[in-house]
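Me: I am new to this model and would like to go through it slowly. Please tell me what each term rests on as we go.

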Amino acid sequence: MTAMTTAERRGYHQICDASGAMMVIACDQRGGMRTVLAATPEEQAKISNATLGETKADITLYLASKAGCVLVDPVCAVPGLVDDDILPRDTALLIGIDASGWETSPEGYRISKMVDGIDARKVRELGATGGKIMIYLRMDTPEANVQNLETLKISIEDFAKEDLLLVVEFLTYQLEGESKEDYDAKFPSLIVEGSRACLELGSKVLKIPFPGNEQACAEVTKIAGDVPWAVLSAGVDHKTFLPQVEAAMKNGASGVIAGRSLWKDCISLNRNVSKEKLSTIAVSRLQDIQNIIRRYRAEKEAA
């Protein structure tokens, strides 16, 4: 697997917490965040990018400041987080380069979109520690992945030229006409093989969905070698996510990049409500995750 350069490794260290594990608060969502903040499509459409930026600022100030890093988008959140002195000095910054949503091919496959004008150089100019890209993969259907893997390849090469850390995320999805039972049965192998595809293109840090079971987690760790991987929350409830974190860390994960499981019921268009819930409920959930991570990191160091 492709080793990190010195600059990339320094960036990686900065997105980790004091235990040496990734602990990143993800709030780069746009459409998903609007869905949380308002009940109907009409109400969601009224929420401006500026309002989303304020929400992301609150998540950064009251929650991410207790973690190693915050992951935000370049549409709503930056440069404000930096220029308005909201981002704490010792909290790292990842900027997602993927656009909200996806396009659909004539065959029904998801085609990943990137934010216009955002490349590695621009991510650096915005003051970030590194970038994050998300693509969709359906690894049992090769024709579904051609364009998305090419997009990933181009981005990996771009960040390598800039010598800037890039976290690679992929999501998989249910095909049109596929039953939930069939999809669930395939899910672990889809995550393992998607991880393999990203690694073969030169990914140096992975952000992946929980692979479904401990065996699949161990398989990801085996094929990743020295490449660290973090498990994402995919919007599940906190009580569901905790055993997933436990299983991932037990089987070689290097940390967590979590968003909605921490804050989805803690943000509001009333910023006083957001402040109260983020600084209490969300921080308590973060501490639950940190306790699991630190326990497994301590066991690993003692082994």
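Me: Which residue stands opposite Val 256 in S10?

Reply: Opposite Val 256 in S10 stands Val 231. This is a predicted model, in which local features need pLDDT of at least 70 and side-chain atom pairs count only at pLDDT 80 or more, while totals for chains, interfaces and linings use all residues. Residues are numbered from 1 along each chain as its sequence is written, and side-chain values use heavy atoms, with hydrogens and water left out.

Me: What makes strand S9 (residues 229–232) and S10 a pair?

Reply: They are joined by 3 bridges and run parallel, and two strands pair if DSSP finds at least two bridges between them. Strands here are DSSP runs of E with at least two residues, helices are runs of H or I with at least four residues, and both are numbered from the N terminus. From S9 the chain passes through helix H10 (residues 238–250) to S10 in a right-handed β-α-β crossover, a name given when, with the strands pointing away from the viewer, the path from the first strand over the helix to the second runs clockwise.

Me: Which way do the residues of strand S10 (residues 255–258) point, and are they buried or exposed?

Reply: Gly 255 and Ile 257 point one way from the strand, Val 256 and Ala 258 point the other way, and all are buried, where buried means under 20% relative accessible area, exposed over 50%, and partly exposed in between, with a 1.4 Å probe and protein chains only. S10 also pairs in the parallel sense with strand S1 (residues 22–26) over 4 bridges, and there Ile 257 is the bridge partner of Val 24.

Me: In what order do the 8 strands close into a barrel?

Reply: The order is S1-S2-S3-S6-S7-S8-S9-S10, with parallel pairing. Neighbouring strands of this sheet are turned by 25 degrees against each other on average, direction ignored; axes are lines fitted to C-alpha atoms, for helices over the stretch in contact, and angles run from 0 to 180 degrees between N-to-C directions.

Me: How are helix H4 (residues 49–62) and helix H12 (residues 271–302) packed?

Reply: Their axes lie 9 Å apart at an angle of about 35 degrees. Among the residues of H4 that meet H12 are Glu 54 and Tyr 62, and among those they meet in H12 are Arg 271 and Leu 278, contact being heavy atoms within 4.5 Å.
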